[in-house]
Amino acid sequence: MANIDAWHAVVKTRDPQLLSDLIADEAVFHSPLVHTPQTGKALTTAYLTAALHVLLNDSFRYVREVHDGDHSVLEFAVELDGIAVNGVDMLQWDKDGKIIDFKVMIRPYKAIEVVRTRMAAMLEKLK
């Protein structure tokens with residue numbers, strides 16, 4: 001599945017151009033930390049760029065994947081500040097293989113707090 005291979009290339013390389021190329025203009029990002037959807041390529045790319053910086057350390061790994069047509073669900077695990085973070089990325093692809101919807105869920109609550117603090121700092125830094 002070329003779509004998911006492209007996403008894994010983004011995760012592996014953290015290449016901002018690969019990420020930008022993969023996001024559709026009308027993409028929507030659903031953050032576990034912000035109650036309103038972030039609409040459009042610019043905001044989706046900004047949140048995913050920050051997430052790549054915050055979450056992708058040596059302990060990050062996808063532990064399970066489920067693909068069904070234009071939907072992919074990827075469960076991940078990572079350790080941040082000694083806290084085990086467990087999360088799920090839910091991606092929806094358009095007919096051109098671009099991400100049109102990206103939703104993230106994270107648990108447990110302690111993990112949400114660590115991610116929230118780090119994401120806020122990274123989004124500010126990337127402005």
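Where does T45 lie? T45 sits in helix α3, where helices (H or I, at least four residues) and strands (E, at least two) are DSSP runs numbered from the N terminus. The model here is a predicted one: local features need pLDDT of at least 70, side-chain atom pairs count only at pLDDT 80 or more, and totals for chains, interfaces and linings use all residues. Residues are numbered from 1 along each chain as its sequence is written, and side-chain values use heavy atoms, with hydrogens and water left out.

Back to T45, then. T45 counts as buried because its relative accessibility is 16%; the cut-offs are under 20% relative accessible area for buried, over 50% for exposed, and partly exposed in between, with a 1.4 Å probe and protein chains only. Leaving aside neighbours within four places in sequence, T45 is in contact (heavy atoms within 4.5 Å) with L19 and I23. T49 is also found in helix α3, and at 18% relative accessibility T49 counts as buried. Not counting residues up to four places away in sequence, T49 touches L19 and L126.

Now for the sheet. Six strands make up an open sheet with mixed pairing, and the order goes β2-β1-β6-β5-β4-β3; two strands pair if DSSP finds at least two bridges between them. At the edges are β2 (38–39) and β3, each of which pairs on one side only. β3 (residues 61–68) runs antiparallel to β4, with seven bridges linking the pair, and R64 has E75 in β4 as its bridge partner. These strands, β3 and β4, form a hairpin with two residues between them, and G69 in that turn has a positive phi of about 60°. β5 and β6 are antiparallel too, over eight bridges, with V88 bridged to M105 in β6.

α1 lies across β3, β4, β5 and β6, at about 160° to β3. α3 lies across β1, β2, β4 and β6, at about 60° to β1. For these angles, axes are lines fitted to C-alpha atoms, for helices over the stretch in contact, and the angles run from 0 to 180 degrees between N-to-C directions.

What about the interior? As for V85, its contacts beyond four places in sequence are F76, A77, V78, L80, I106, R107, A111 and V115.

Most residues other than glycine have a negative phi, and most peptide bonds are trans. R14 has a positive phi near 55°; R14 is in the loop between α1 and α2 and, at 44% relative accessibility, counts as partly exposed. D81 has a positive phi as well, near 50°. D81 lies in the loop between β4 and β5, and its 57% relative accessibility is why D81 counts as exposed. Finally, the peptide bond from R107 to P108 is cis, with omega near -15°, and P108 is in the loop between β6 and α4.
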